[in-house]
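The sequence and structure come first.

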Amino acid sequence: MDNNKIIFEISDLKKYYPIRKGAFGKAKEFVKSVAGISLSIKEKSIVGIVGESGCGKSTMGKTILNLIEPTGGRVVYDGKVIFDVEKGEKLSASEMSKMRSEIQMIFQDPYASLDPRKSVESIVSEGIKKHNIATGKEVKEKTEEILALCGMDKTSMFRYPHEFSGGQRQRIGIARALAMNPKFIVADEPTAALDVSIQSQILNLMLDLKEKFGLTYVFISHNFSVVKSFCDEIAVMYLGKIVEYGKASELYNNPKHPYTQALISSVPINHPNDKKKRIILEGSMPSAVNVPNGCRFHTRCPYKTEKCMTEEPKWKTLQNGTQVVCHLYEK
């Protein structure tokens, strides 16, 4: 197996939301939630997407799976073009439906994403039936097997989402995604609403399932301490764009972009005797409607120069393999 095989290719992805005045008004402004992202994801790897709330992480995750209509860009999964906005290419509804069995999503809120009127058996088996993964008695057997893999016993099949704790509901959400034998899963902050002790259980479960089924994950989170220990590679997002990308250990231990440095400095220390200098960023993230000229981070950057305010920086690959978009590293 080629460990460097690219299973998911994202090129210049954009998602803009129009701002309309009145019911029939024309959109004059746009919220640029995702403003041009390019990313290559290797098969059987875990890529973490990290950044502040509102930076476009979740929107990116839903757009690459074609759950949200893209504004621009191209996404290719395993050699098949899901969409290419500029060329007007897009998978038909039936083709996309078939592909859904291979590309799945685990949502942030396990309660909101599970139908309260359906039993756990019905929720998990729905995809199995729709994609003809099993028929007859095999459907129930497959459902039991998947739930058992996710740490849920047989009796849970006949109960409803409201009868479970947050951690158990997230296990059901994972089971639902896993039931269709996927190869690629986008996990949108799957542990954000859970207690710390439950978080580790869910993360360990996801790692076990990755090894067992050869899964590829995109793991979206605002928690750098979780991402650095769970992911192989990390992409740091700021205001709709990736500003730094590299191997998880290298990026965490030797961050290059000022924004990444500030994020990592906010991670709590492991021991009371440890000392860490906290980097406090001034101001808040600018509006995605009026993105600053030049470097989008310059309004909060402690190292900004006049060039940062007028010229947008370009990608630079450093000696340690980390890629960063910052004028500090341009010769």
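## Salt bridges

The count of salt bridges comes to 11, taking a side-chain nitrogen of Lys or Arg within 4 Å of a carboxyl oxygen of Asp or Glu. The coordinates belong to a predicted model. Side chains of opposite charge can pair when their charged atoms come close.

| Asp-84 | Arg-74 | 3.0 Å |

The salt bridge of Asp-84 with Arg-74 has an N to O distance of 3.0 Å. Asp-84 belongs to strand β5 (residues 80-84) and Arg-74 to strand β4 (residues 72-77), so this pair ties together parts that are 10 residues apart in sequence. Asp-84 has a relative accessibility of 5% and therefore counts as buried, the limit being under 20%. Arg-74, with 32% relative accessibility, counts as partly exposed.

Asp-115 is partly exposed, at 23% relative accessible area.

Glu-126 has a relative accessible area of 45% and is partly exposed. Lys-118 also counts as partly exposed, with a relative accessibility of 27%.

## Helix packing

Two packed helices are described by the angle between their axes and the distance between the axes.

Helix α5 (residues 166-178) and helix α6 (residues 196-213) have axes that come within 10 Å and cross at roughly 15°. Angles under 35 degrees count as roughly parallel, so α5 is roughly parallel to α6. The crossing of these two helices is right-handed. On the α5 side, the contact is made by Gly-167, Gln-170, Arg-171, Ile-174 and Leu-178. The α6 side contributes Ile-198, Gln-201, Ile-202, Leu-205, Met-206, Leu-209 and Phe-213. By class, the residues of the contact of α5 with α6 are eight nonpolar, three polar and one charged.

Helix α5 also packs with helix α3 (residues 120-130): the axes of α3 and α5 come within 7 Å and cross at roughly 25°. That angle makes α3 roughly parallel to α5. In this contact, Val-120, Ile-123 and Val-124 of α3 meet Ile-172, Ala-175 and Arg-176 of α5. The contact of α3 with α5 comprises five nonpolar residues, no polar ones and one charged.

## Positive phi angles

Most residues other than glycine have a negative phi, and most peptide bonds are trans. Two aspartates with a positive phi are described here.

Asp-12, in strand β1 (residues 6-19), has a phi near 50°, a positive value in a residue other than glycine. Asp-12 counts as partly exposed, at 38% relative accessibility.

Asp-78 is not a glycine either, yet has a positive phi of about 50°. Asp-78 lies in the loop between β4 and β5. With 25% relative accessibility, Asp-78 counts as partly exposed. The strands on either side of this loop, β4 and β5, hold Arg-74 and Asp-84, whose side chains meet in the salt bridge at 3.0 Å, N to O.

Key. Residues are numbered from 1 along each chain as its sequence is written. This is a predicted model: local features need pLDDT of at least 70, side-chain atom pairs count only at pLDDT 80 or more; totals for chains, interfaces and linings use all residues. Side-chain values use heavy atoms; hydrogens and water are left out. Axes are lines fitted to C-alpha atoms, for helices over the stretch in contact, and angles run from 0 to 180 degrees between N-to-C directions. Helices (H or I, at least four residues) and strands (E, at least two) are DSSP runs, numbered from the N terminus. Angles under 35 degrees count as roughly parallel, over 145 as roughly antiparallel, 65 to 115 as roughly perpendicular and the rest as oblique. A crossing is left-handed if the near helix is turned anticlockwise from the far one by less than a right angle, and right-handed if clockwise. Contact means heavy atoms within 4.5 Å. Ala, Val, Leu, Ile, Met, Phe, Trp, Tyr, Cys and Pro count as nonpolar, Asp, Glu, Lys and Arg as charged, and the others, Gly among them, as polar. Buried means under 20% relative accessible area, exposed over 50%, partly exposed in between (1.4 Å probe, protein chains only).
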